[in-house]
Amino acid sequence: MVETVTLTIDGLEVTVPKGTTILQAAEAMGNRIPHYCYHPGLSAPAQCRLCLVEVEGAPKLQASCVTTVTPGQVVHTQSESAKTQRRGVLEFYLKNHPLDCPICDQSGECKLQDYVHEEGRPKGRSREPKRVLGRDDFGGDVLFYGDRCVMCTRCVRFMNEQAQDPRLTVVERGNRSVIDTFFEEGVEGSPYAGNIVDICPVGALVSKDFLHKARAWDLDRIPSICPNCSQGCNIELHVRDNLVQRLKPRDNPDVNQHWMCDYGRHRYEWMNRSGRLLLPKPGEGRHAGGNGAGDIALAQSLPEAGSWESVLGDLADLLVDARAEGAEVRAVASPFASNEDLGALRRFVDALGGGRIVFRSPRTDEELPLPGFPKLVRRRDLAPNVRGAELLQMSRVGSDDATGGLDDLVGFEGILVVMGDDLDDMAPDFGAAARVFAFLGPQVPRQLQAVTCLLPTVTHAETEGTFTNFEGRVQRFWPGLHTHGEARPAWQVLDLVAAAVLGDGTVPESAAEAFQRLADDHAVFQGLRYEELGTRGALVNDPVPLPGA
Amino acid sequence: MAFPYEHEREVRILSRGWGDPSARTLEGWKALGGYKALEKSLSMSREAVIDEVKASGLRGRGGAGFPTGLKWSFMPKEKTGLQYLCCNADESEPGTFKDRELLRWSPHQLIEGCLIAAHAIQADHVFIYCRGEFFEAVQVLARAVEEAYAAGFIGENILGSGISIDITVHSGAGAYICGEETALMNSLEGRRGLPRVKPPFPAAVGAFGRPTTINNVETLCAIPHIMTHGGAWYREQGTEKSPGTKLFCVSGHVVRPGNYELPLGFPLMELIHDVCGGLRPGRTLKAVIPGGSSVPIMNAAECEACTLDYEGVVEAGSMLGCASVIIMDDSTNLVKQVRRMVDFYAHESCGQCTPCREGTQWMARILRRIEEGRGTEEDLDTLLDLGDQMTGTTICVLSDSAAAPVASSIAKFRDDYLALIRRGERVGAA
């Protein structure tokens with residue numbers, strides 16, 4: 001039983017756990033007290049002096065970020081004295097601020113802009129020249145605009161407390177103080193340094209990668225899961241013009257708190273790749289040779305490339321024949337596919353008599369933990385759903401760079417389904433011996449000549465679904481990009497074919513239904529409900545215990 | 001006379017050994033009765049020591065005037081680990097020069113006081129944090145500490161009492177803010193000298209995260225005398241609420257500036273005209289800063305009836321602070337004085353809190369502009385408003401200190417400002 005404290009903030013009673021600060025209590029009731037130096041993931045130095053509120057009985061205004069609640073406390077965040085304080089502090093912040101919002105990347109998501117618009121003076125009183133500090137390269141992806149800095153020291157504290165790699169400090173004192181690096185390389189090579197850009201409340205620390213790329217208000221922010229390792233960090237895709245512009249971490253206290261690693265953050269370009277499979281296409285040149293990638297791309301642009309009905313109908317016919325003759329089935333999956341896709345593939349293969357499903361996944365020897373929140377680690381598996389594939393009895397093959405391991409399929413004569421693996425390292429005649437060779441993927445394969453049909457599927461950025469992270473946490477992602485051409489989720493494609501082959505008409509109509517069927521089919525997912533996963537996810541039934549947990 | 005100025009109205013208790021080089025040595029100090037108080041105190045219970053200091057009514061000499069005995073009693077009743085005493089010898093308040101002399105002339109007096117205090121608060125280790133610029137004082141003090149260690153007054157099992165106390169002399173790097181008690185602790189720990197947020201207070205979480213009491217040099221120097229002669233004896237000097245003697249650092253436009261040890265409650269005008277030999281010939285009194293640069297400035301009228309004790313100065317519209325009396329006669333331009341003070345605070349602000357970091361600099365710039373004849377009357381309103389914004393809104397009181405002389409000088413010496421503004425307007429018009 002948690003001890004609670006009841007207090008009054010702006011005339012409303014609120015009950016919070018003992019030890020909560022006034023700022024957190026106010027936040028819990030939806031009253032956001034302006035602040036800079038306080039960040040929920042860092043220590044609170046109470047130095048920005050913006051969060052000062054009036055507490056009845058206290059002689060002075062109190063810093064709400066460090067003042068813990070006491071029973072019966074009466075707090076006023078909107079009293080004349082608190083407002084005067086904020087107006088005054090904001091004027092101090094603007095004293096030396098360059099007001100270069102039109103060319104500042106932070107504009108639109110800047111706390112200085114927001115607060116001054118809300119409560120600042122309409123006109124500054126300073127007649128003095130401004131202090132000029134200029135720009136500095138902090139190394140890595142981080143650029144520092146000294147003039148915009150509000151000296152909240154969040155970046156210094158992140159490097160000290162979370163990254164525990166103290167590469168930043170405040171040099172000089174008073175009005176001359178400025179954030180600086182110790183050595184020339186700055187934060188270069190510090191694997192979590194990108195977070196200091198996220199937590200900078202103003203435009204002092206900006207990302208070089210995102211520099212002058214898009215305005216904050218033009219971006220759509222879509223909740224997603226980082227697809228670059230099996231940690232499953234909760235992120236947002238920031239999208240403009242149907243292109244992912246950057247990735248930002250999204251709070252999830254169970255997975256990544258407020259942070260994400262630079263490795264994940266900077267690997268989003270593949271979601272924007274062109275050269276996509278646009279239309280389903282029967283493999284006309286099968287066994288005939290000479291049907292290179294260029295021809296396929298050309299054929300794609302023609303309307304007669306095929307419709308889903310005809311291509312899937314033809315595929316179903318071939319499969320029915322092959323099944324009648326007792327052909328074996330084998331499949332290659334991908335750890336980048338969602339649980340729904342993998343479940344559908346498992347179901348599809350089982351419907352055709354069952355067979356081995358393998359997947360290849362990139363892997364590294366190095367784990368990169370965040371010392372201040374050791375649960376967050378850039379994991380060894382550099383794909384989001386390795387755990388999901390394993391839970392569905394798919395086996396990893398090949399080497400750590402996701403190549404090789406498919407030699408036993410080269411001469412395979414049965415039904416071969418490849419989902420999401422581009423097979424770039426395989427010879428052009430891979431699968432030539434297979435009776436049926438169905439290829440599902442977002443990209444036009446570079447090599448393959450022997451496919452029976454090419455079926456365009458979407459990436460996780462274009463659809464909704466779930467991934468299972470390293471510890472067995474099932475987490476949802478949402479669609480952020482428009483689909484290219486007639487690409488469809490792989491689970492839908494596989495289910496339509498399976499329905500046609502089996503003559504069974506039940507096909508899930510949404511990712512939710514696809515997930516529900518997965519949960520019904522597999523004990524490990526049983527009891528999970530898509531709608532209840534929410535934004536924080538839920539553990540599968542045999543979660544892997546965390547080291548040290 | 002070895003030491004510059006003495007006066008017959010002085011009551012020399014703390015400054016008794018000043019000017020006598022032999023008093024710096026252990027032998028010399030013992031000849032003056034040194035270390036008797038330590039012996040006596042170690043034989044008493046720590047509660048009895050605290051009670052004696054409480055009875056004396058001694059108030060902290062660092063500026064705030066907080067009762068010392070009461071401060072000591074804030075330390076944990078049950079000791080759970082290491083506890084510390086910090087001696088604040090980072091004397092840097094403009095106009096103050098008393099601790100420097102105490103360190104230079106009577107280091108053993110301070111060491112004895114530290115040891116008694118450490119016993120009273122059960123401290124295992126005493127850190128004497130000296131201002132970085134005190135080169136000579138630190139040398140003298142360090143030598144005295146060595147002597148006292150060799151003589152068994154410091155270290156293991158002092159005088160066979162079973163009590164062990166160590167003393168470390170630490171030299172700062174020359175930042176004014178490190179005289180603020182929590183900044184001092186940060187600096188002592190090897191961090192940036194930034195004041196800490198209170199609570200927790202040092203008596204709960206102080207230096208190195210342990211319960212710590214911090215006392216001024218002059219406070220600790222008074223302790224041996226109180227322990228020798230008793231609290232009632234100490235009360236014979238001074239007033240009811242401000243007992244004892246106090247070192248007054250007098251500087252500015254008087255004939256004989258210097259350190260004078262006088263009973264608290266001494267009239268300000270007598271200090272100026274009698275003890276310090278009066279103003280320079282032909283000059284009249286314009287302003288007095290009674291307690292170091294951080295307190296409000298008094299005009300001549302306010303000085304008339306002012307007595308120099310904690311209550312008396314407050315009544316007269318200022319604060320006694322650390323009793324650094326700066327006297328200014330009618331040749332003084334207050335704007336220039338205040339600008340120099342604010343420049344000092346702008347330079348010494350640690351830069352943590354926004355109102356102080358930006359405010360001190362802004363004020364300094366405005367004052368500079370007024371001084372150069374480019375000011376307007378509007379600037380005075382801005383200055384007063386900035387002062388309000390800087391008072392009571394920060395972690396420590398440095399910005400309050402910067403705002404106080406600005407506000408009081410505008411209130412009491414507005415004509416000085418207006419003269420510069422008007423002259424500037426005339427020149428600008430021509």
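**View 1. Chain B comes in three domains.** In this predicted model, chain B splits into domain 1 (21–235), domain 2 (245–329) and domain 3 (334–429).

**View 2. A buried strand in chain B.** Now zoom in on strand E4 of chain B, residues 212–216. Five of its five residues are buried, so the rest of the structure largely encloses this strand. In a regular strand, side chains alternate between the two faces of the sheet. For E4(B), one side has Thr212(B), Ile214(B) and Asn216(B), the other has Thr213(B) and Asn215(B), and all of them are buried, so both faces are covered.

**View 3. The partner of that strand.** Strands of a sheet pair up through backbone hydrogen bonds, either parallel or antiparallel. Which way do strand E1 (residues 84–89) of chain B and E4(B) run, parallel or antiparallel? They run parallel, with five bridges joining them. To spot one bridge, find Cys87(B) and look for its partner in E4(B), Asn215(B).

**View 4. The five-stranded sheet of chain A.** Over in chain A, five strands make an open sheet with mixed pairing, in the order E2-E1-E5-E3-E4. Strand E2 (12–17) and strand E4 (62–63) of chain A sit at the edges; each has a single partner strand, which means one side of each has no neighbour in the sheet. Further in, strand E3 (residues 52–55) and strand E5 (residues 74–76) of chain A run antiparallel and are joined by two bridges. Look for Glu54(A), which stands opposite His76(A) in E5(A).

**View 5. A helix across the sheet.** H2(A) lies across E3 and E5 of chain A. The helix runs at about 165 degrees to E3(A).

**View 6. Where chain A meets chain B.** How many residues of each chain are in contact here? The count is 23 residues of chain A and 25 residues of chain B. Helix H2 (residues 80–95) of chain A gives the largest share of chain A's side, six residues. That side of chain A divides into 10 nonpolar, seven polar and six charged residues.

Definitions and conventions: Residues are numbered from 1 along each chain as its sequence is written. Chains are lettered from A and ligands numbered from 1 in the order in which they are written. This is a predicted model: local features need pLDDT of at least 70, side-chain atom pairs count only at pLDDT 80 or more; totals for chains, interfaces and linings use all residues. Two residues are in contact if their C-beta atoms, placed from the backbone, lie within 7 Å. Helices (H or I, at least four residues) and strands (E, at least two) are DSSP runs, numbered from the N terminus. Ala, Val, Leu, Ile, Met, Phe, Trp, Tyr, Cys and Pro count as nonpolar, Asp, Glu, Lys and Arg as charged, and the others, Gly among them, as polar. Domain bounds come from an automatic or database domain assignment. Two strands pair if DSSP finds at least two bridges between them. Axes are lines fitted to C-alpha atoms, for helices over the stretch in contact, and angles run from 0 to 180 degrees between N-to-C directions. A residue is buried if 20 or more other C-beta atoms lie within 10 Å of its own, exposed if 12 or fewer, and partly exposed in between; C-beta atoms are placed from the backbone.
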